[in-house]
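Hi everyone, thanks for coming.

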Amino acid sequence: MDTLFTPAWAQGWGDALNASDAYRMAAARWEGAVLMDVLADPAHGLAQDTAVFLDLWHGSCRVARLAEPEDRAQARFVLRGPLAVWLQVLSGEMAPTTAILRGKIALAKGSLGGLLPHVAAANALVEVARTVTVVAPAAPAVAAPVAMAEPVADTKPAGSTGRDRAAFQSVSATGLRFGSFPMRLWDKAKRLGIWNPADIDFTQDARDWTTLAPDEQDLLRRLAALFQAGEEAVTIDILPLLDVISQEGRLEEQLYLTSFVWEEAKHVEALRRWLDAIGAAGQDLTAYQTASYRTIFVEALPQALQALRTDRSPVAQARASATYNMIVEGVLAETGYHAFHRILTERGIMPGMQQVAAYLKQDESRHLAYGVFLLSRLVIEHGDAAWNAIAERMNTLLTPAVAVIGEAFAAYPAEAMPFGLEPSVFVDYATQQFRRRMDRVERARSQTMAELQAGDETM
């Protein structure tokens, strides 16, 4: 700690940046100074607040020093956080994007929307900082897969195993725990999830479509195409998770999860019916899928979920649920539905798609509630092994996930965005929702199963 956040260390960081080809390439489009506030922590050797100032310009560092009074006004971005979090970032335990999106490091100056297009530059900046001094690493972000532990007593009847057909919970003394969290979600799914995509009338939607400007049509078609492929992906990839829960003998959770597959399948049908209604039948819409989108839906999602076919460990389950529930549903799907709702209701158009978006959002709210429950249960039952797996997924996937949002709007001129939208509004929305749910999962590190089961469904 003695060498960190000192004049010599700051200067060394600047020299290392100018010597780094990787940083030069990643930050070629970066313009503007950055100031990093580090809050005092006497217990860990930092007696007073300090700040490091970097004047960065297109892949070079023109100035690197401890901040002076005038530097704060000059800085394009000011990042502020406690020493412990900065050490997590510098040791590689937490990605800088994750720290910012989770609110661990505050963006005291500058906008999140302005920073996120330069995530690669920020990551390279930190990677170079790690070469300047040796920071004691924290615990590994991902623990090795561990043997599957037996479920806790209140989730499985005594004497039962995953494939033991000699014992059936529903006719045992245990019966069904109707008051458990999964059963409360199951009850909601039965009451609120009964809708038929074929019953939705898109006649007015087709008329409204013809009144839109070409760029407005393109944005709505883009959003729908990304959702369409995403909903198909999760419909395909969710089955291994349901099987794992079934084989563990968690009957109440399995009952609720049966609604997942059915609801995701209905989403696929509903979006395709709308696309056909507005004239997209026969069109190949795969061109809307960016590199970041494919990173999530073609690589990360199937890899994490299909891995459960051969690895049922708590760590594998945590990776799968974090990818599906926290990233795909919690960052991307929910933000997209929010965009559809805002566009269509403010313009007063396309009542059929408004109805679809409302149904989808309602379904996904239950999916997200279960995802937070599942991740929290894994953390309670398996401790740091599960939590570290979740954190690793966030460090890896938050950057491309947020990039998907930015790339969807990047196709249009910033000064003439369709429907007058402001991309930063949707990035902020995604960040707030994600942060709220991650905080809930982190809270599980100090919770009991009884406390978790008593939770509400508004996760």
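So, at what angle do helix α1 and helix α7 pack, and how far apart are their axes? Keep in mind that what you see here is a predicted model. Helix α1 covers residues 7-18 and helix α7 covers residues 119-132; the angle between them is about 120°, and their axes lie 9 Å apart. In general, those two numbers, the angle and the distance between the axes, are how a pair of packed helices is described. Angles from 65 to 115 degrees would count as roughly perpendicular, and over 145 as roughly antiparallel, so α1 and α7 are oblique to each other. As for handedness, the crossing of α1 past α7 is right-handed.

Which residues make this contact? On the α1 side we have W9, G12, W13, A16 and L17, and they meet L125, V128, A129, T131 and V132 of α7. Sorted by class, that contact holds eight nonpolar and two polar residues, with no charged ones.

Now for the pocket part. The largest pocket holds about 680 Å³ of space. Its lining is made of 25 residues, and L116, P117, H118, G406 and A410 are the ones nearest the centre. Helix α7 comes back here: together with α16 (384-410) and α17 (423-443), α7 is among the helices that each supply at least two lining residues.

And which helix gives the most to that lining? That is α16, with seven residues. By class, the pocket lining splits into 18 nonpolar, five polar and two charged residues.

That's my tour, and I'm happy to go back to any view you like.

Conventions: Residues numbered from 1 in each chain as written. Predicted model: local features only at pLDDT ≥ 70, side-chain atom pairs only at ≥ 80, totals over all residues. Heavy atoms only, no water. Axes fitted to C-alpha atoms, helices over the stretch in contact; angles between N-to-C directions. Helix = DSSP H or I, 4+ residues; strand = E, 2+ residues; numbered from the N terminus. Parallel < 35°, antiparallel > 145°, perpendicular 65-115°, else oblique. Left-handed = near helix turned anticlockwise from the far one by under 90°. Contact = heavy atoms within 4.5 Å. Nonpolar A, V, L, I, M, F, W, Y, C, P; charged D, E, K, R; others polar. 1 Å grid on protein atoms, 1.4 Å probe; cavity = no way out; pocket = protein on both sides within 12 Å on 5 of 7 lines; lining within 4 Å. Points joined across faces, edges and corners; volume = space filled by probe spheres on them.
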